[in-house]
Structure formats: structure tokens, C-alpha cells
Amino acid sequence: MDDLLYREEILERYYDAPRRGRLEAPDRSAELDNPLCGDRIRLELALGTGGRIVAARFDGDGCVISQVAASFLAEHLEGMPVDEARRLPADKVIGLLGISLSPARVKCGILAWRALQHALDVTADSATNGSGIDLSISTG
Amino acid sequence: MKEGAMFTESPSDINSREAIPASVGGSTGGEEALGCGPGGSGTSFDAESLRADFPALEREIHSGVPLTYLDSAATAMKPWPVIRAVREYDIDYPASVHRGLHSLSERATLAYESARERIARFIGATDTACIVFTRGTTESINLVARSWGGRFLGPGDEVLLTLLEHHSNLVPWQMLARERGLTLKFADVTDDGQLDLESFDRQLSDRVRLVAVTAASNVLGTIPPLDQIVARARGCGAKVLVDAAQGIVHRPIDIEAPSVDFLTFSAHKLYGPTGVGVLYARREHLEAMPPMLGGGNMVLRVDLEGAGWNDVPWKFEAGTPPIAQAIGLGAVVDYLGQFDRLAMLAHEEELTQYAWRVLSELEGVRLLGPDPREVGRAGIISFLVEQIHPHDLAQLLDRDGVAIRAGHHCAMPLHHRLGLPASARASLALYNNAADVDRLAGAIERARWTLRRPPARPKPSLTRTHPEVGNG
């Protein structure tokens, strides 16, 4: 499992992540951190006509999973209707990594997704949580 | 298999009734021979042979990958005598304490109270009533904050803590401060993670009613100078609480040297069961403190209008206590009592210095805290590996069977002070050896190799461009 997690494709994306950066004039943005481990993700979105996300960028620092998931998510969001992005389930983002995550690392994997929820003002009640993923972040 | 005189059976006898030493089964006699008081010691210590006492050390984490356990500061492994003592209670005399008049209950009560006596002696307390069983260090500190602090501290009073504290010796005081209008003061650390005594002195004043300090940092291994802290606190009339959750594992603890008011620790970091811990408090404090929880056992008589409290320490032990676990902690005291404490300490210091040297020679590794070759400190070594987040490191190390902690180790203010979001931590216990350290070093090097930047390849062009946005 670890070999899949830290495979070359993932590491290339970690060191040279597509969509890492900032937009000049984002329409929506949010920055979140995971106090448990210090992972930090800022997500910025540019909205075009027709209610679509035309550009997405992320910035931040943290573990391989949090950063690579953010890169995949930003790529995935581009061209997506905002309504669809609001409904994007958390487990879809983890699916983009192509591996399953242990419960402790799920929180790393969904940090960018949580930033998306904030950026699009999705309340916790209406957020689609996918299949049984624990979204709580606790700290010891 | 190396065991004390009281534990002569083999591990395979675990389910045998004959395997359980009589003293754990309820007799209060016999433990004197073990010399388990502070500074008291057995006659031998052999770090290699005692590994056989800890069955979990023999397991494989993945097929063919043995366990290298370097997370004992989170929770330690348990030796056979402790496992047997707990299991024997469950199998042979699973009865409540201080209640029944039948044989099993009497035996359980004797074993439970015998554990209290041995624990008292282990930390140099002559008055057994000063030992309160709790769920652990966290509950012990909360009990002092709620009960003693709730009665004796008020607006304008100050509690002096240090930046080395675990959240369990910080958050209860924050909660009390908000409720009672207290002010919290914090003694700083030096850049190499030692307690800054000048900062401590600046924060200390006649307004400080309590100094609450760790006996050993769970992140940096720092051992604050308790003698000096207690002397200074006494000079200002302040009481002293020592959080010995880590300290008691790494140094002999004697509540009279220096003389402290409160001392707290957990069994599970001291090779004992989870779910039980100890509050030691001077009798005058316990007598003056109101109970925190009401219920059975903590009362002498109850009518519909009210209740009269039981004597100390039972006043603070409402409900059915963790009986098996307390008996298990008593067995820890017997187990450790067979060893020469000075030899044990020397083993840990030697291993800590070895680990420091080996890790500091690794490329890209930065060690945190004081250098054990210069100052005495506990075998708790936190570190950073260049370019690797501690969570990634911990996951990669686990692949090699190496268990470490990653994160902030319940000490976020200390990490903030050091300018770090998180760190990796390897903690040493009496059963660790140089081979464990070597496997850790090897696993770190493999993790660095695994997470190396892949060779450059022609970068694929972006499939979609957006002229209206800046270039990410």
C-alpha cells in the first residue's frame, strides 16, 4: 500500500505540482489548516460565465497526501460547473489519488476538499460526505 | 526469560492459576524483599534478556518485518508479570473492592490496597492515603485543578507553567483560569529546549499560588531542574505540582526530594495497564479538597438530604475503580524493583547518547532539544527530516516495522515556540537497544530514498489554458 502511496507519479506531483500557485483575481478562495499536523492548503477559484470554474490554484505546505490531493482536486475542478463542485463528495477526491487511505491519513487527503467547501460556502449540513468518511479533525 | 524472584513461571503458563504470584493475588507480604522504594533497587539489569519479558516485542508488524518499538513515550509495552496480574484478577477473583464480605471481594480489596502501598513506597510516600487512583495523569491534573484550584484559587491569583508542558498540564489550567479569573504565566525555554530559569524567575512572584511543571518534556526529553524550581516556588509561598507522566519512566521519583505538593503519573507509560493513574498529594491538601465526583465508595453515609465523605484517598475514588489496572500498576512496581535502578538509568543514558550520535550523522536530519552528551535528559528524541513531513516519515517507517510518533505530541505551544508545525519522535524505553536505533536510522535513510525527487522528465504541457488568469 505504501509503495502505491509514494509511487513515482505521486512524488512527481508532490515536487512539481500542477495547479500550484495563486490566481491574480480569484472569485472564491479559502485557506484551511489541519492543526494536528500543520498541513495548510489555500484554494483559489476563478468563475467564468455559465457558472463554471474556469481556473483553480492551490498553495500551501504539508505532507505528500495533502499537497498531491490538492493538486489533483484543482485540476479536476477546472471546467466543472460550480453546482457540481458543491456536490463533489469527499471520497471522490481521495479516489483521485488512486489509493485507499488509512483513517489517520484521510484527514490529510480531504483538506483541499474542505477548503473547497469553505470557498463555495457549502455548509456542513449540505456537504456531501461520500461514504462514511470521518470529517472531524481532532487534536491530541 | 528473566524475571524477579516472585515471577518464576514461563509465559506459556499465563492461563495457569499456579502462575500467579501470591502477593499479587492479595497478600500484602513479600514485596519488602524487592526494595522498590525510590533509590531502592534490585541487584541486576540486563537490557537484552529482559526483552523476553515483553511479548509484544516478539511480534511482526508485516510478514517478516519485526517490530522496532520507539513510541513508548505514547504508551509503553507491558511485561508478563503485569499482564498476568491483570489477567489473574479477571480470571480468579473478579470482584469489587470495599463492598463485599465474601472471599473474592476481600481478596480484590487486599490486592488493590496492596498495590496502593507499593506505589506509595515507589515514590517515597510514607502515607499510603496520599495515593489516589485516577484514570491517568490527565484526570489527576484535572482533579487538582477542579478540586484544589476550585477551592483555593481565585481572581488575581497566578499559576506558573512552562512552555514544555503537555496539553494535559495546560488545558485544565486554562479552563480553571477562565472560570475563576486566574492568570496563567509561562516560563520560556532556551533555543536548545531547556527550561529558561531566568524567564522562570521573571514570571515568579507572590501572586503565583501554584507552579505546575513537567518532570520531563514529552517532546524534547528536557529534564527541568526540579530542585531549583521547588526552592524558588517555596520562596514565594507557591505550591508545586509535578507532572511525572514521562519523568517517572526515566528517573527515580521521590516526592520528598525535592518536596512537592502534587505529583501525577499514568500506569501505561510506566509499562503498566491503560486506564489507571495516580495523584499523589500531601494529606493536608487531600483533606481540604472537596471530592470531584460523587457516587458510591466516596461516601461514609448518605441520606436523602446529603452525604458524608469517606476518608482520603477513597473520597476521590467514586464508583468502581479500575481494579485490575491498579493491581497491574502494583505489579509494575514489583517488576521494576528487581532491577538496579542506576544500571537502568545508565543503559538509557548510553542508548540516548548513541541514538543522538547515529541520528545526527544522518544527512538531512535535524535533532531537537538538548544534546544528551552535554546535559542529562530523557530518551525522548524529536527530530525533523529535510523535505519529509513527519506524517509521511512515520508511515514510511512503519513499512519497516519502526513505530514512532509524528505530529505535535500534544504540545502545540512548544512546537509553536520552536517554529515547527510538527515533528517526528522516537522514544526509548528500558527494552530498547542499539539494534533498534540502527533500524530506525536505516529506515530513515530508506524513507529519504523513497521520497526523493523523481528524475526529471519532459513536463507535459497543460491541456487547458486560461488567458484571463495568472500563471500558477
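Predicted model: local features only at pLDDT ≥ 70, side-chain atom pairs only at ≥ 80, totals over all residues.

Visitor: How many aromatic pairs does the structure hold over all chains?
Guide: There are 11. Rings of Phe, Tyr and Trp (its six-membered ring) pair if their centres lie within 6.5 Å; planes under 30 degrees apart count as stacked, over 60 as edge-to-face and the rest as tilted. The ring planes of Tyr14(A) and Tyr15(A) stand at 70° with centres 5.1 Å apart, so this pair is edge-to-face.

Visitor: Are those two buried or exposed?
Guide: Tyr14(A) and Tyr15(A) are both buried, a term for under 20% relative accessible area, with exposed over 50% and partly exposed in between (1.4 Å probe, protein chains only).

Visitor: And what of Tyr89(B) and Tyr93(B)?
Guide: Their planes are at 85° and their centres 5.3 Å apart, so they are edge-to-face. Tyr89(B) counts as buried at 8% relative accessibility, and Tyr93(B) is buried at 0%.

Visitor: Which residues do ring pairs link into a cluster?
Guide: The cluster consists of Phe45(B), Phe54(B), Tyr271(B), Tyr335(B), Phe339(B) and Tyr431(B).

Visitor: Where does the charged end of Arg452(B) sit?
Guide: It sits over the ring of Trp449(B), 4.0 Å from the centre. The criterion is NZ of Lys or CZ of Arg within 6 Å of the ring centre and within 35 degrees of the ring normal. In chain A, Arg13(A) lies over the face of Phe72(A), 3.9 Å from the ring centre.

Visitor: Changing topic, where is Ser205(B)?
Guide: Ser205(B) is in the loop between helix H5 (197-203) and strand S7 (208-214) of chain B; helices (H or I, at least four residues) and strands (E, at least two) are DSSP runs, numbered from the N terminus. Ser205(B) is buried, at 16% relative accessible area. Beyond its neighbours within four places in sequence, Ser205(B) is in contact (heavy atoms within 4.5 Å) with Glu158(B) and Cys236(B).

Visitor: Lastly, how do strands S2 and S3 of chain A pair?
Guide: S2(A) (residues 39-47) and S3(A) pair in the antiparallel sense over 8 bridges; pairing requires at least two DSSP bridges. Arg57(A) in S3(A) is the bridge partner of Glu44(A).

Terms used: Residues numbered from 1 in each chain as written. Chains lettered and ligands numbered in written order. Heavy atoms only, no water.
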